[in-house]
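Here is a friendly briefing to read with the model open beside you. Take your time, and look up each part as you meet it.

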Amino acid sequence: MKKKIQIFFTCLLLVSVIFSVPGSTNILAYSDGITTEKLDDTIFDENVNEQIQSLNNFEYEIIRDEYGVPHVFADSKEGLAFGAGYAIAQDRLWQSDVFRRQATGRLTELGLVTIEYDYWNRLSGYCKEENTELLLDLTSPYKEMLEAYTEGMNLYISEAIADPINKMPFEYLERGISPELWTEEDSLAIGQMMVRRWGEGGGNELLFAAVLKTLMDINGVLKGWRIFNDVCPQVDPGSDTTLNWSGEVNQPRLSNFPPYVSDVVIESAKKIESLKELDKKTSESLGLLYHFGSNGWVVAPSKSATGNTLLLGGPQMGHSIPQIVVELGMHGAGINATGMTFPGVGPVIAIGVSEWGAWTTTSGLSDGVDTYIEILHPFNQTKYRFNKSWLDMEKRIETIYDAEGVPHEFEFYRTVHGPVLDIQWKSLLGGIAISQKMTFWKKEHQTLEGVMRFQECTNISEFEEGVSKIVSSHNWFWADRNGDVGYYHAGWYPIRPKFGLFCRRIDDRFPLIGTGKEEWQGIVPFDELPQGKNPVEGFYANWNNKPQADWPYAEAEVGPMWGEGHSVVRIQQLLDEDDEITFDDMINICHNVAYHNSYGTYFKPFLLEAIDVVGGIPPQVKSALEQWDCYLNDENDDRFYDDPGLTIFNKWYEEIYDVILVDELGEDVEEYAHSILLHLFQGKESKLKLKYKDYLDGISQDNAIVNALENALIVLEDEFGSDNISEWLTPVKMKYFSEVGALPSPEMPKMDRGTYNQVAEMPLWSIYNQYESPIAFNVLPPGQNGFVDYYGQPNPHAYDQLDLYINWQFKPMLYNLSQV
């Protein structure tokens, strides 16, 4: 059946060329009034349209709610998946196509990126033939549902080709192209990319090596080594964690001497980091899958005002238009769930609420990737040393086509460890190759299958079973109608040797040697991962922070992500202070932390204390700082934050680095300064004992702080052209949406909250309320639909959730036919 469908679609594409009306054109009528020729309305005869409809072999119904969210009703999982594929193609076909091209390294064909961007994405990815093989590993029902989802996508694609004026997205018509048929390999590739973008932790060993080299160049070898261990400690005993822990955490024993960092390794590091930076900037500018962050929390019945469980999810993935995720509801065949999914990935509600439970996730950041230095043969740059033998690298040749259709061939290599990111080699002298080994290599589909189970889980045990399948690094939260809440730090993490080649002590921050002496010894068992159920405290909260104090699987605990001074503390404080948390409280906490300046909370007390000790600062400056509550306030809605204290503090924070740390750290390591400054100011109270003792260069801490403030006041007076502090107001930061297609970006005030937000209360199950739906609301700005028609007009649901999001309003998540 599947083969017949593919043959039919191929014929359909041929028919679209043969039966097109002579003289018709793909040029559009733009929404700004620039008009050109229109396509004729009739391209296919009625027989072709009847054939298209005959492809629908599933019984399903798609009903959209008032915000255009598709709810698919069917009696089979395949019917749900088919309807989901069709609905997602209706709403986000162009975006799905862009995502699959990103995942498979084919965006250059559209002229959206450089060849280097596609090269980098292919370098550590899989070719189509490999994904065809990986599809054989899929289990039921994911396998059958993915097949049906693909057919649903293709039904809409075929209809769009047959009726371009009404159904073909503007972006294809603008370029004079038609969408290619969808394949299961396309969905798998997007899923693999999604798993990696938000579940890949580690692999930064070259970056840490470069930081060490920089610090040693500035300070000398031994001093630079000590400073490196302050800036990038293996363990920060003060790290803020999700799971409570009362035991003492000790810093690991360090060598007195740093590892040798050769110039050739640094050369590779620069090349690879430049490609990573290109990937980051390009992806973010185009609204592609890249950005990560997220917060989430659950509340147990003991802490809830109603005795029900509560959950809030806020995945932070940047903002694009259409948004990087899309909403979907599926109802039937044991599934009754609504939430967010990724366009093109398949019938998987990644974060959502079902009639039985609610779930959300944040990126875990634990270390599941290692960089290996391969030793190359002096006469052959593609032979490397492993286990006392010279092995040939695995080689494949791929062609990348540019926007003019010109082919560019590239060679890609792999070793036993994984993809080769760079080769540095000279004849007769040999050289090195840089490869990366990943715990999730060719296993990303297991994460997808694990997540897919969540939408039909009825209790925490079933949810835990799904989490146990996940191979990438994520924090997962669950709240259900049985009164259970749970937190799980999921993923596969390697057990590394303590000693390696020549008995050297292994340091997770730096590359391993690939000769066979420094291989992984296994994977951490699931039951040893940080996890918990129904906490005594009554809640779990995470904002990509460290899961548990004694969790050792990080390359380095670098602030502000895993060091001390984390934003998650404010969430935990607000949850801890309230013994009867309501549904509205969950939203209010999200609102509170979205405008909270955690740097101000941690550092303003040191600043005010220094002003008192040293003196000489105008009283109005101190008063402004005291009156600022460490929030981004714009009560009068004039596009300026209300507090001059915010302006003064931010400028002081910029200056304090130059006063205290720039001599030791230089200009390129400033992003790591947050935690080291906090530990320095804490002095003897710091849980992290600094290795280098003279950052202040002989002056007192208070004097250094006030010196930075005096510098800041000079700069501010010059910037504002006035010494009237009440006029020193910072403009409200505005957020724009990266444009994936033809929809223009709106703007909104910046808020530190989820790209998508959902909040749910799960009524405790009883025989009296067994048919009661969850109390669940969500919002996805700017809107559900990314479709722009032939005339350049957007769908009515392109922007209709933007005002909701800006004004902290939510819409209901729906679960039955009458609600929809």
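Two strands count as a pair if DSSP finds at least two bridges between them. With that in mind, E17 and strand E18 (residues 485-490) are an antiparallel pair with six bridges. Please remember that this is a predicted model.

**The nine-stranded sheet**

- Nine strands make up an open sheet with mixed pairing, in the order E1-E2-E6-E7-E8-E9-E17-E18-E20.
- Strand E1 (60-64) and strand E20 (531-533) each have a single partner strand, so one side of each has no neighbour in the sheet.
- On average, and ignoring direction, neighbouring strands here are turned by 15 degrees against each other.
- Which residue of E18 stands opposite His474? Look for Ala490.

**The six-stranded sheet**

- Another open sheet has six strands in the order E21-E3-E4-E25-E26-E27, and its pairing is antiparallel.
- At its edges are strand E21 (539-542) and strand E27 (811-812), each pairing on one side only.
- Helix H15 (residues 568-577) packs on this sheet, where it touches E3 and E21. The direction of H15 makes about 160 degrees with that of E21.
- Five bridges join strand E3 (residues 295-299) to strand E4 (residues 309-314) in the antiparallel sense.
- Val298 is found opposite Leu311 of E4.
- As background, strands of a sheet pair through backbone hydrogen bonds, in either a parallel or an antiparallel way.

**Two helices that cross**

- Two packed helices are described by the angle between their axes and by the distance between those axes.
- For helix H18 (residues 619-627) and helix H19 (residues 644-660), the axes come within 7 Å and cross at roughly 100 degrees.
- On the H18 side, the contact is made by Val621, Ala624 and Leu625. H19 brings Pro644, Gly645, Ile648 and Phe649.
- Sorted by class, this contact of H18 with H19 has six nonpolar residues, one polar residue and no charged residues.

**Cavities**

- How many cavities of 30 Å³ or more are there? The count comes to five.
- The largest cavity holds about 230 Å³ of space. Of the 21 residues lining the largest cavity, Met194, Trp198, Phe342, Thr361 and His474 are the closest to its centre.
- Helix H9 (184-199), strand E9 (357-363), helix H13 (444-454) and strand E17 (474-480) each give two or more residues to the lining of the largest cavity.
- The lining of the largest cavity has 13 nonpolar and eight polar residues, with no charged ones.
- The second largest cavity holds about 70 Å³. It is lined by 13 residues, and Asp91, Arg92, Leu93, Trp94 and Gly786 lie nearest its centre.
- Helix H3 (residues 77-104) gives the most to the lining of the second largest cavity, with seven residues.
- By class, the lining of the second largest cavity has seven nonpolar, three polar and three charged residues.

- Helix H12 (263-285) and strand E10 (369-377) each supply at least two residues of the lining of the second largest pocket.
- That lining divides into 28 nonpolar, three polar and 11 charged residues.

Definitions and conventions: Residues are numbered from 1 along each chain as its sequence is written. This is a predicted model: local features need pLDDT of at least 70, side-chain atom pairs count only at pLDDT 80 or more; totals for chains, interfaces and linings use all residues. Side-chain values use heavy atoms; hydrogens and water are left out. Helices (H or I, at least four residues) and strands (E, at least two) are DSSP runs, numbered from the N terminus. Contact means heavy atoms within 4.5 Å. Axes are lines fitted to C-alpha atoms, for helices over the stretch in contact, and angles run from 0 to 180 degrees between N-to-C directions. Ala, Val, Leu, Ile, Met, Phe, Trp, Tyr, Cys and Pro count as nonpolar, Asp, Glu, Lys and Arg as charged, and the others, Gly among them, as polar. On a 1 Å grid over the protein atoms alone, a cavity is a set of points where a 1.4 Å probe fits but cannot get out, and a pocket is an open set with protein on both sides within 12 Å along at least five of seven lines; lining residues have an atom within 4 Å of a point. Grid points are joined across faces, edges and corners, and a volume is the space filled by probe spheres set on the points.
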